[in-house]
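Trainee: Take me through the labels on this model, please. I want each value set against its cut-off.

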Amino acid sequence: MNNSIWAEIQLPSFAKLQQDLNTDVLIIGGGLAGILCAHQLHREGVNYALIEADTIMHGVSRNTTAKITTQHGLVYHKLLRRFGPEKARLYWQANEDALTRYRKMCRSVACDFEVRDNYIYATADTDSPMQEWQALHQLGIPAEFHSRLPLPLPVSGAVSFPNQAQFHPLKFAAGIAKELRIYEHTAVKAFDGTAVITDSGKIFPEKIIVATHFPIFNKHGLYFLKLYQRRSYVLALKNAPQPEGMYLDGATDGLSFRSYGDVLLLGGGGHRTGKQGGCWAELEAFAKKHYPQSREVCRWATQDCITLDGIPYIGQYSANTPNLFVATGFNKWGMTASMVSAHLLADLVQGRSNPYAELFSPSRTILRPQLAVNAVESTFNLLTPTKPRCPHLGCALKWNPAERSWDCPCHGSRFTEGGKLLENPATGDLKNSSAQIHERRSQ
């Protein structure tokens, strides 16, 4: 497996749950969102516990490029059109609050926190950067427009946010997780409405927060229709120019640039999980052309949950589950979304109001164009008669030659060549898969 540049950090370890447990709040998932939720509840003196099926920061949070910014692509002109000025600015304010909290927390956590300007650029779309800048001006959000950037590719325009940040996500997690009540290697096997059943004990919570990247309970919330997942890839390069800021193409599958020490992190090659894309080959070709003296020191890939309307789902899991909550659909911007989740959910599980609750509510309308795309993709792959099949909802898996994995184009579950689970929403390995996999790979 490929490891990210962050992976050399030794994280604190935690024991496996060994007995039944009662708690006021149970957090399922030990990525950054779950850890921040636990940290906030810990600070407030709430009786909580966090369980993680593997080890903390083992999944998507380990593979981020760790940009902490309120600028989430060229999105504000779209939010302004879809939701109006009040909600568009509220989205910015929620993430601005998150950025401010990171600034404060990172003063006492050694995590290579650095202030950087963030740039979103376009290479072909000549209208979106200007539309974005005009929308930001209307909303009163500080931003600048640029006609060129210090990148080895032509841009049609760019918008920057000043004083954003980047950091080392695992150092940050290690710094805040040490004293939290966490149980590792404790996987959820079932949920009967009153108890969460693990392989080593039952947990009886009053409230549950699901922070498992893709939600794992299928009976509520329609997340199998409201979300899909995308893969993206990163090369860490030495002997390449170091950008002073953080840069991202506003196009869905464009390139990303940021530095870490003397290493350039070049991202891109993205595609919907289970589909074909540029992958590392696209990044290798770009590096060979523009950074011929560079040397690759590591590479990795990550996966992101994408919502129907560009706003995460943070809040009550569904309208009919008053004691079940969720944080998901971070749309590639998991750093600020994780912090938003921690403070919003800490309020909700304690019965407090929160100014951002309605904006991020998972029960908001699903009548968006992406819904039809997700439904068609799921239907097609459910009806595809090939093997192996995903144990989540039965879709036909697709072979990913770049990563040598079986990927689900419906909801994004992934498995090793031998059938071991890599990414949820599936919760277990492929069953009796050896013959199926051999048969399919031989075709």
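Mentor: Start with the second largest pocket: its lining has four nonpolar, five polar and three charged residues. Ala, Val, Leu, Ile, Met, Phe, Trp, Tyr, Cys and Pro count as nonpolar, Asp, Glu, Lys and Arg as charged, and the others, Gly among them, as polar. This is a predicted model: local features need pLDDT of at least 70, side-chain atom pairs count only at pLDDT 80 or more, and totals for chains, interfaces and linings use all residues. Residues are numbered from 1 along each chain as its sequence is written, and side-chain values use heavy atoms, with hydrogens and water left out.

Trainee: Which residues line the second largest pocket?

Mentor: His271, Gly274, Lys275, Gln276, Gly277, Cys279, Lys398, Trp399, Asn400, Pro401, Ala402 and Asp407. Strand β18 (residues 398-400) gives the largest share, three residues. The volume is about 200 Å³. On a 1 Å grid over the protein atoms alone, a pocket is an open set of points with protein on both sides within 12 Å along at least five of seven lines, and lining residues have an atom within 4 Å of a point. Grid points are joined across faces, edges and corners, and a volume is the space filled by probe spheres set on the points.

Trainee: What is the relative accessible area of Cys279, and why does it count as buried or exposed?

Mentor: Its relative accessible area is 7%. Buried means under 20%, exposed over 50%, and partly exposed in between (1.4 Å probe, protein chains only). Cys279 is therefore buried. Cys279 lies in helix α7 (residues 279-290). Helices (H or I, at least four residues) and strands (E, at least two) are DSSP runs, numbered from the N terminus. Beyond residues up to four places away in sequence, Cys279 touches Tyr233, Gly269, His271 and Ala402. Contact means heavy atoms within 4.5 Å.

Trainee: Why is Ser108 called exposed?

Mentor: Its relative accessibility is 65%, so Ser108 counts as exposed. Ser108 sits in the loop between α3 and β4. From Ser108 to Ile176 is 68 residues in sequence but 9.7 Å in space, C-alpha to C-alpha.

Trainee: What makes helix α5 largely enclosed?

Mentor: Seven of the nine residues of α5 (residues 169-177) are buried, so the rest of the structure largely encloses this helix. They are Pro169, Leu170, Phe172, Ala173, Ala174, Ile176 and Ala177. Their cover includes α1 (32-43), α3 and β7 (182-183).

Trainee: Which residues of α4 are buried, and how do you know that they line one face?

Mentor: Ser128, Pro129, Glu132, Ala135, Leu136 and Leu139 are buried in α4. Seen down the axis, they fall within an arc of 125 degrees, so they line one face of the helix. The arc is that of the directions from the helix axis to the C-beta atoms. The exposed residues His137 and Gln138 are on the face turned away from the buried side. The buried residues pack against α2 (76-83), α3 (85-105), β4 (114-122), β5 (144-146) and β6 (157-166).

Trainee: How many cavities of 30 Å³ or more are there?

Mentor: The count is one. A cavity is a set of grid points where a 1.4 Å probe fits but cannot get out. The largest cavity holds about 30 Å³. Phe214, Pro215, Phe217, Asn218, His220, Tyr223, Phe224 and Tyr317 line the largest cavity. That lining divides into six nonpolar, two polar and no charged residues.
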